[in-house]
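Hi,

Here is the structure I promised to pass on. Have a look at it first, and then read my notes below.

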Amino acid sequence: MKEIKDMIDSIPEECNRTNGIGLWCYAKVQLPFNVLEIIIVPEKLGGTKIGEVQCVSAKTPIGSALVGKKTGEEFSFNGTTGRILSTA
């Protein structure tokens with residue numbers, strides 16, 4: 001129970017735009033052949049899809065590449081480059 005409470009307590013009111021993407025932030029990203037909608041989640045919560053939004057662990061290659069980035073910035077993971085279209 002404590003682990004679940006800690007995860008809930010870590011959900012911010014809104015994504016911190018000053019420090020870039022972090023846990024529980026939404027990002028819409030452009031990859032070479034598609035657009036993804038992602039929420040960065042703690043380890044062990046990734047892999048779930050809610051509607052069109054993919055939950056991605058901050059520990060995955062794409063998750064770690066996005067952490068700290070801001071709208072308009074490019075990121076790279078596994079030899080793929082993308083651009084952040086928007087965050088929330």
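Let me start with S57, which is buried, with a relative accessible area of 7%. This serine is found in strand β4, and its side chain reaches the backbone nitrogen of K59 at 3.0 Å. Leaving aside residues up to four places away in sequence, S57 touches V41, P42, E43, G46 and G63.

Before you go further, keep in mind that this is a predicted model. The mean pLDDT of the protein chain is 86, and 80% of its residues reach 70 or more. Confidence is lowest in helix α1 (residues 2-9), with a mean of 56. The highest value belongs to β5, at 98.

Now the sheet. It is open, has six strands and mixed pairing, and its order is β3-β4-β2-β1-β6-β5. The edges are taken by β3 (49-50) and β5 (74-77); each has a single partner strand, so one side of each is left without a neighbour in the sheet. Further in, strand β2 (residues 35-41) and strand β4 (residues 53-57) run parallel and are joined by five bridges.

What about the inside? The largest nonpolar core has 14 residues, and those with the most contacts inside it are I21, V29, I38, I62, L66 and F75. Two or more residues each come from β1 (26-30), β2, α2 (61-66) and β5. Of the elements, α2 gives the most to this core, with three residues. As a general point, nonpolar side chains tend to be buried together in soluble globular proteins.

Not counting residues up to four places away in sequence, I38 touches C25, Y26, A27, V29, V53, Q54, V56, I62 and L66. That list includes V29, I62 and L66, which, like I38, are among the residues with the most contacts inside the core.

Last, the aromatics. How many aromatic pairs does the structure hold? There is one. The rings of F75 and F77 have their centres 6.1 Å apart and their planes at 15 degrees, so the pair is stacked. Are these two buried or exposed? F75 counts as buried, at 2% relative accessibility, and F77 is buried too, with a relative accessible area of 16%; the cut-off for buried is under 20%.

Cheers

Note on methods:
Residues are numbered from 1 along each chain as its sequence is written. Side-chain values use heavy atoms; hydrogens and water are left out. Two strands pair if DSSP finds at least two bridges between them. Helices (H or I, at least four residues) and strands (E, at least two) are DSSP runs, numbered from the N terminus. A nonpolar core is a set of buried Ala, Val, Leu, Ile, Met, Phe, Trp, Tyr and Cys residues joined through side-chain atoms within 4.5 Å. Buried means under 20% relative accessible area, exposed over 50%, partly exposed in between (1.4 Å probe, protein chains only). Contact means heavy atoms within 4.5 Å. Rings of Phe, Tyr and Trp (its six-membered ring) pair if their centres lie within 6.5 Å; planes under 30 degrees apart count as stacked, over 60 as edge-to-face and the rest as tilted. pLDDT is the predictor's confidence in each residue, from 0 to 100. A polar contact is a pair of N or O atoms within 3.5 Å; within protein, one must be able to donate a hydrogen and the other to accept it, and residues adjacent in sequence count only if both atoms are side-chain atoms.
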